[in-house]
Each structure stands twice: as structure tokens, then as C-alpha cells.
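Have a look at the sequence and the fold, then read on.

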Amino acid sequence: NTKSDVLSLGFITPLENAIMLRIDSDSSSDFIEVEIVSNSSILSNFSMLFIDSWLQVGGCLFVSYNLGTQDITIGNKNVRINDGSYHVLRFTRIGANATLQIDDFRPQITEPPGRQLLVFNTQNQIQFGGKWNQHLNKVDRPFIGVMAGLVFNNLRPLDLASESNQLTRV
């Protein structure tokens, strides 16, 4: 259980639409998901408040998360990350509030209104490179490109996977 989370990741991709990373709870519907979005038809976890302004946007990075109350979305529709260049994302969540920074662009901040839950309960699984769909037995919206330096709450899951750590599955 965490009251705050810190995620950083370097990447290169040509894609306009992919799930880069997803962190799920073992005991609830809590999650954090990093997505590259192309248009409203593929926005899997974003609140309806954002869809109208994103209809023709492609190759932009957004993070959505839910701590048990509602999906909260943060992103920057003015920064395209599917240009084949190396980019770095930094995401910090403290309670329900979050900051997202892409490269050296101005950080985006969200402070959701109303009463919000503050704890990500029982973090259990980190998926990177897409989201596994058990019903279809395939990866939904796979990521194609390079990921490097993934750090989540001081853990380095890519390094653990490359070392064939028993906590990882490839």
C-alpha cells in the first residue's frame, strides 16, 4: 500500500497508440496506466471530460490512475512523443494529486476536486509493453520501441526481468 508513487522511464517509439505500462492492485480496482493515445476511440481509462478536446490528437502521453473513487487523467496534448527521439517521463503521485513531466517541458499538475481516496492498495503487478488481455489471450495495444531506465518506487523492474529474477515473468 502506498500513499505516494514515483515513476520514471526513458523511451523511443514511433507509435500513436499503445499502452506502455500498467500497475495493478491485487485486492482492488486501483491502477496506474501510462498510455500513448491517438483519438477518442481508444481512450480506455480516460474520463469523458477530456475526450472532446483530444479527438484528433495522436502520439501524446497520458497517465490515468484510480485509487478507488474515479479515474483521474493527466497528460500533455501539446507534446508528441512518437517522433523517434528519446523521451523521459516522470510521474509522481502524492495522495490523489499528481505531476507528469515529459522531457524538459512544463510539468502538468492535477489536483482532483472533491473527496478522493489517497492510497494505492496492494500494488501487485507491473506490466510493461502493453496490457495482457486474459479473455483474448493476447497483449492489448502493444508498445513497440525502446524502454530504458524504468524505475518505480525505487524498484527497477526491467533490470529484475533481465536478471531472470523469480519475481518476474517475461
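Does Arg 156 count as buried, exposed or partly exposed? Arg 156 counts as partly exposed, at 44% relative accessibility; buried means under 20% relative accessible area, exposed over 50%, and partly exposed in between, with a 1.4 Å probe and protein chains only.

## Ground rules

This is a predicted model, so local features need pLDDT of at least 70 and side-chain atom pairs count only at pLDDT 80 or more, while totals for chains, interfaces and linings use all residues. Residues are numbered from 1 along each chain as its sequence is written, and side-chain values use heavy atoms, leaving out hydrogens and water.

## Around Arg 156

Arg 156 sits in the loop between S12 and H2. Helices (H or I, at least four residues) and strands (E, at least two) are DSSP runs, numbered from the N terminus. Setting aside neighbours within four places in sequence, Arg 156 is in contact (heavy atoms within 4.5 Å) with Leu 150 and Val 151. Arg 156 and Ser 8 are 148 residues apart in sequence, yet their C-alphas are 10.0 Å apart in space.

## Thr 13, tucked away

Thr 13 is found in the loop between strand S1 (4-12) and S2, and it's buried, with a relative accessible area of 1%. Its side chain reaches the backbone oxygen of Ile 144 at 2.6 Å and the backbone nitrogen of Leu 15 at 3.2 Å. Beyond neighbours within four places in sequence, Thr 13 is in contact with several residues, including Ile 36, Asp 83 and Phe 143.

## The nonpolar core

The largest nonpolar core has 31 residues, and Met 20, Leu 61, Leu 89 and Phe 91 have the most contacts inside it. Such a core is a set of buried Ala, Val, Leu, Ile, Met, Phe, Trp, Tyr and Cys residues joined through side-chain atoms within 4.5 Å. S2 gives the most to this core, with four residues. As for Leu 89, the residues it touches include Leu 7, Val 34, Leu 61 and Leu 100, not counting those up to four places away in sequence.

## What lines the pocket

The lining of the largest pocket divides into 12 nonpolar, 11 polar and four charged residues. Here Ala, Val, Leu, Ile, Met, Phe, Trp, Tyr, Cys and Pro count as nonpolar, Asp, Glu, Lys and Arg as charged, and the others, Gly among them, as polar.

Notes:
Polar contact = N/O pair within 3.5 Å; in protein donor to acceptor, adjacent residues only side chain to side chain.
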